[in-house]
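Open the model in your viewer and keep the sequence panel beside it. This tour tells you what to select, stop by stop.

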Number of protein chains: 2
Amino acid sequence: MNISQLQQKIGNRIRELRESKGVSQQNLAAICNFEKANLSRLEAGRTNPTISTLYKISEALEVSLSDLVNV
Amino acid sequence: MNISQLQQKIGNRIRELRESKGVSQQNLAAICNFEKANLSRLEAGRTNPTISTLYKISEALEVSLSDLVNV
DNA sequence: TAAGTGGTTATCATATATGACAACTGTAAA
DNA sequence: TTTACAGTTGTCATATATGATAACCACTTA
């Protein structure tokens with residue numbers, strides 16, 4: 001798996017978890033204190049997120065970091 | 001857990017896994033194609049690594065990404 | 001002594017994640 | 001139609017991860 005594929009998979013995983021919680025990108029971004037535009041790019045797999053960004057998302061979605069990157 | 005603590009824990013986890021494999025920082029860095037200096041900082045918890053960096057390390061150490069961030 | 005190994009720290013350049021904001025496309029509902 | 005919401009895309013500034021190199025310390029070994 002290359003990095004681009006990894007980013008894509010993690011983006012998909014976040015989207016999947018977010019939607020299963022019925023939260024909008026706007027909402028989730030607000031909870032995490034970042035921009036919805038950045039979350040959109042992240043879910044689309046267009047960025048290489050830092051562990052701190054992923055950690056904030058995992059907390060907001062109430063899953064473990066380990067779970068979030070289990071792709 | 002704050003970000004600083006998270007970085008510290010992930011750094012410790014990497015060091016733990018690396019040492020259990022009997023690999024030097026120098027070796028691991030070379031396998032991952034980055035500088036030993038950066039790995040040193042990462043293990044010390046002084047950087048906020050990207051998922052791609054952690055992924056390279058997980059591959060080199062033959063553990064899952066999920067395992068690597070299971071802190 | 002000297003040379004080698006493992007690790008740390010400093011510095012500089014470059015690439016990019018993120019913050020911030022705006023504009024835009026649907027879509028749904030009034 | 002108009003309003004509101006969800007998401008996407010673009011741009012700019014700033015912070016920082018990483019690449020690259022060098023100097024340094026501690027330890028071991030010849």
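**Before you start**

This is a predicted model, in which local features need pLDDT of at least 70, side-chain atom pairs count only at pLDDT 80 or more, and totals for chains, interfaces and linings use all residues. Residues are numbered from 1 along each chain as its sequence is written, while chains are lettered from A and ligands numbered from 1 in the order in which they are written.

**Stop 1: chain A as a whole**

Select chain A and switch to cartoon view. Chain A has five helices and zero strands. (Helices are DSSP runs of H or I with at least four residues, strands are runs of E with at least two, and both are numbered from the N terminus.) The pattern along the sequence is α-α-α-α-α.

Now show the C-alpha trace. Along its principal axes the trace spans about 30 × 25 × 20 Å. A compact globule of 71 residues would have a radius of gyration near 11 Å, and chain A agrees, with 11 Å. (That radius is taken over C-alpha atoms, and the globule rule is 2.2 Å times the number of residues to the power 0.38.)

**Stop 2: helix 2 against helix 3**

Select residues 25-32 of chain A, helix 2, and residues 36-43, helix 3. At what angle do their axes cross? The answer is roughly 110°, and the axes come within 8 Å. (Axes are lines fitted to C-alpha atoms, for helices over the stretch in contact, and angles run from 0 to 180 degrees between N-to-C directions.) The two helices are therefore roughly perpendicular, a label for angles of 65 to 115 degrees.

Show side chains next. Helix 2 brings A:Gln25, A:Gln26, A:Leu28 and A:Ala29 to this contact, and helix 3 brings A:Lys36, A:Leu39 and A:Ser40. (Residues are in contact if their C-beta atoms, placed from the backbone, lie within 7 Å.)

**Stop 3: helix 2 against helix 4**

A:Leu28, A:Ile31 and A:Cys32 of helix 2 meet A:Lys56, A:Ile57 and A:Ala60 of helix 4.

**Stop 4: where chain A touches chain B**

Show both chains. Each side gives residues to the contact: 14 from chain A and 14 from chain B. On the side of chain A, the elements giving two or more residues are helix 1 (3-20), helix 4 (51-60) and helix 5 (65-68). Which of them gives the most? Helix 4 does, with four residues.

**Stop 5: A:Leu6**

Select A:Leu6, in helix 1 of chain A. Buried or exposed? A:Leu6 is buried, because 20 other C-beta atoms lie within 10 Å. (Buried takes 20 or more such atoms, exposed 12 or fewer, and partly exposed is in between; C-beta atoms are placed from the backbone.) Leaving out residues up to four places away in sequence, A:Leu6 touches A:Met1, B:Ile51, B:Ser52 and B:Tyr55.

**Stop 6: B:Gly11**

Move to B:Gly11, in helix 1 (residues 3-20) of chain B. B:Gly11 is buried, with 21 other C-beta atoms within 10 Å. Beyond neighbours within four places in sequence, B:Gly11 contacts B:Leu42, B:Glu43, B:Ala44 and B:Gly45.

Conventions. Parallel < 35°, antiparallel > 145°, perpendicular 65-115°, else oblique. Contact = placed C-beta atoms within 7 Å.
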